[in-house]
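Me: I'd like to go through this one with you. Could you put it up?

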Amino acid sequence: MIFSSFPLSPSLYLDPGSGSIVLQMIIAAILGAGVLVRSQWARIKRWFGGKPADEDDAEDGEDDGGR
């Protein structure tokens with residue numbers, strides 16, 4: 001009802017197949033950015049003044065030894 005009240009020009013038409021491809025590309029870009037941030041998290045923390053990577057590795061080693 002809402003969409004039928006707005007006059008749309010034919011150049012604005014997006015078929016469902018193309019729309020799903022665009023939606024998949026957007027979701028893939030978001031997930032890819034998440035994986036990139038996750039894989040580079042130590043560098044990001046170091047860049048913003050977090051703990052150096054050596055101290056993080058030492059703390060992780062202590063946690064693994066206690067299990």
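Me: Of the 67 residues of the protein, what percentage count as buried?
Reply: This is a predicted model, and in it 1% of the 67 residues of the protein count as buried.

Me: And what does the accessible surface of the protein come to?
Reply: The accessible surface amounts to about 6,300 Å², and carbon and sulfur atoms account for 66% of that area.

Me: Switching topic, how many helices and strands are there?
Reply: There are four helices and zero strands, so that, by the DSSP runs used here, the order from the N terminus on reads α-α-α-α.

Me: Which element has the lowest mean pLDDT, and which the highest?
Reply: Helix H4, residues 53-65, has the lowest mean pLDDT at 54, whereas H2 has the highest at 94; for the protein as a whole the mean is 77, with 60% of residues reaching 70 or more.

Me: Which residues make the nonpolar surface patch?
Reply: Ile21, Val22, Met25, Ile26 and Ile30 make that patch, which covers about 480 Å².

Definitions and conventions:
Residues numbered from 1 in each chain as written. Predicted model: local features only at pLDDT ≥ 70, side-chain atom pairs only at ≥ 80, totals over all residues. Heavy atoms only, no water. Patch = residues over 30% accessible without salt bridge, like charges linked within 9 Å, V, L, I, M, F, W, Y side chains within 5 Å. Areas by Shrake-Rupley, 256 points an atom, 1.4 Å probe, with all protein chains shown as cover. Salt bridge = Lys/Arg side-chain N within 4 Å of Asp/Glu carboxyl O. Helix = DSSP H or I, 4+ residues; strand = E, 2+ residues; numbered from the N terminus. Buried < 20%, exposed > 50% of the residue type's maximum accessible area, 1.4 Å probe, protein only. pLDDT = per-residue confidence, 0-100.
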